[in-house]
Amino acid sequence: MVAIVSVVVPFGSVSAAPRSIPVPAARPATLSFAPLPTCSYQDIVTARRAYSRYATTLLDTIYRLPRTYYPTDLVATGLRGGGYIRRIALADLQAMDRAARAAGARFAVSSAFRSFNRQAQLFSAKVATSGKAVALRTVARAGHSEHQLGTAIDFRSYDGRTPFASTRAGIWMKANAWKYGWVMSYPSGKSAVTCYSYEPWHYRYVGRAEAKLVHYSGLTLRQWIWAHFGS
């Protein structure tokens, strides 16, 4: 595992282009010695649920946000597909959009912020159409969705082509999104530790400094948050 260091950039800092941040070497943090919890379905309110802790809020099949969590600084994404995200993520989203356009890999939004109630509706609909077992693997239960943070987006290709992973947008984002503060939450082959099926379109904004740390750690976002901050 690559050792990790705090980079002197605050959570959620933004700019119009990637900054030059040294490759992390070590991070002076207290690591969690408890093993990563195995995937199970519980309803424990996550410890870091303050709006300022968006980058390290642990959300999975065990830990959740309260029903009342509803960011007050939501703004329009300004991208095809619409949706809303927290203002803290907007500048880096716009910078990523400009870079993707320049690379001929333009993307659009499929889904952005979703409230607790909206997530409950989506989960119930998936249960009705596909059964509960499939729903649990593919749709977060209300409170457990990263979309409720206001810092997660399901992307799609600009022209709507699928599957997203093999489109120019999907390939470009997998290689470059972390440079703009966005991390793929549910990568391929990691369902045993992410607790959800592979979602190449789902990215969560954690800020450029934290995204770089996650990227060079080789861990999934869930593993990285647990290792450094616990629940």
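Helices (H or I, at least four residues) and strands (E, at least two) are DSSP runs, numbered from the N terminus. The views come from a predicted model, in which local features need pLDDT of at least 70, side-chain atom pairs count only at pLDDT 80 or more, and totals for chains, interfaces and linings use all residues. Residues are numbered from 1 along each chain as its sequence is written, and side-chain values use heavy atoms, with hydrogens and water left out.

View 1. Helix 1 has 16 residues, which at 1.5 Å a residue should span 22 Å. The expected span is 1.5 Å times one less than the number of residues. The end C-alpha atoms of helix 1 lie 24 Å apart, which agrees. Its buried residues (under 20% relative accessible area, 1.4 Å probe, protein chains only; exposed is over 50%, partly exposed in between) are Ala89, Leu90, Asp92, Leu93, Ala95, Met96, Asp97, Ala99 and Ala100. Gly104 follows helix 1 and has a positive phi, near 70 degrees.

View 2. Helix 4 covers residues 168-176, and its buried residues are Ala169, Gly170, Trp172, Met173 and Asn176. Seen down the helix axis, they fall within an arc of 165 degrees, so they line one face of helix 4. The arc is that of the directions from the helix axis to the C-beta atoms. Ile171 and Lys174 are exposed on the face turned away from the buried side. The buried residues of helix 4 pack against helix 1 (87-102), strand 5 (107-111), strand 6 (152-157) and strand 8 (199-205).

**View 3. Ser185 in strand 7.** Strand 7 spans residues 182-186 and includes Ser185. Ser185 is buried, at a relative accessible area of 3%. Contact means heavy atoms within 4.5 Å. Leaving out residues up to four places away in sequence, Ser185 touches Glu146, Thr194, His202, Arg204 and Leu221.

**View 4. The cavity.** A cavity is a set of points on a 1 Å grid over the protein atoms alone where a 1.4 Å probe fits but cannot get out; lining residues have an atom within 4 Å of a point. One cavity of 30 Å³ or more is counted. The largest cavity has a volume of about 70 Å³. Of its 13 lining residues, Leu59, Glu146, Tyr186, Leu221 and Arg222 are the closest to its centre. Strand 7 and helix 7 (221-229) are the elements that give two or more residues to this lining. Helix 7 gives the most, with three.

Technical notes
1 Å grid on protein atoms, 1.4 Å probe; cavity = no way out; pocket = protein on both sides within 12 Å on 5 of 7 lines; lining within 4 Å. Points joined across faces, edges and corners; volume = space filled by probe spheres on them.
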